[in-house]
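User: Please work through the strand pairing and the aromatic residues of the structure shown here.

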Amino acid sequence: INIRGSLGGQTQTFVDGMRVIGGSSVPQMAISNLAIITGGTPPWYGDLTGGVIEITTSDPPAQNFYSG
């Protein structure tokens, strides 16, 4: 994905704060939040001139365990 006309390596994808190299396929039902940063990239993402795709996954559903 190219953002703002940048080269492919200048746009990074992060899933739950971890950088993903190559493609990422997160099931749509597992995504809690999706943010695309196209300018003014925060410094913790490194020196990116394109942009950042930040995916936050949702917590797994709670399972009830019964004993008896």
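**Strands and aromatic rings**

Analyst: Strand β4 (residues 51-57) is mostly covered, with five of its seven residues buried. The model is a predicted one.

User: Which residue of β4 is the bridge partner of Val15?

Analyst: Strand β1 (residues 11-15) pairs with β4 in the parallel sense, over five bridges. Within β4, the bridge partner of Val15 is Ile55.

User: In which sense do β3 and β4 run, and which residue of β4 is the bridge partner of Asn33?

Analyst: Strands β3 and β4 are joined by six bridges and run antiparallel. For Asn33, the bridge partner in β4 is Thr56.

User: Is Ile36 buried or exposed, and which residues does Ile36 touch, not counting residues up to four places away in sequence?

Analyst: Ile36 lies in strand β3 (residues 31-37). The relative accessible area of Ile36 is 52%, and the cut-off for exposed is over 50%, so Ile36 is exposed. The C-alpha atoms of Ile36 and Glu54 are separated by 6.3 Å, although these residues stand 18 apart along the chain. Not counting residues up to four places away in sequence, Ile36 touches Ile3 and Val52.

User: Is Gln12 buried or exposed, and what is the length of the polar contact that joins the side chains of Gln12 and Arg19?

Analyst: Gln12 has its place in strand β1. Its relative accessible area is 15%, and buried means under 20%, so Gln12 is buried. Leaving aside residues up to four places away in sequence, Gln12 touches Arg19, Val20, Leu48, Gly51, Val52 and Ile53. The side chains of Gln12 and Arg19 are joined by a polar contact of 3.3 Å.

User: How many aromatic pairs does the structure hold, and why is the pair of Trp44 and Tyr45 tilted?

Analyst: The structure holds two aromatic pairs. In the pair of Trp44 and Tyr45, the ring centres are 5.9 Å apart and the planes stand at 45°. Planes under 30 degrees apart count as stacked and those over 60 as edge-to-face.

Methods
Residues numbered from 1 in each chain as written. Predicted model: local features only at pLDDT ≥ 70, side-chain atom pairs only at ≥ 80, totals over all residues. Heavy atoms only, no water. Phe/Tyr/Trp six-rings, centres within 6.5 Å; stacked < 30°, edge-to-face > 60°. Helix = DSSP H or I, 4+ residues; strand = E, 2+ residues; numbered from the N terminus. Buried < 20%, exposed > 50% of the residue type's maximum accessible area, 1.4 Å probe, protein only. Contact = heavy atoms within 4.5 Å. Pairing = 2+ DSSP bridges. Polar contact = N/O pair within 3.5 Å; in protein donor to acceptor, adjacent residues only side chain to side chain.
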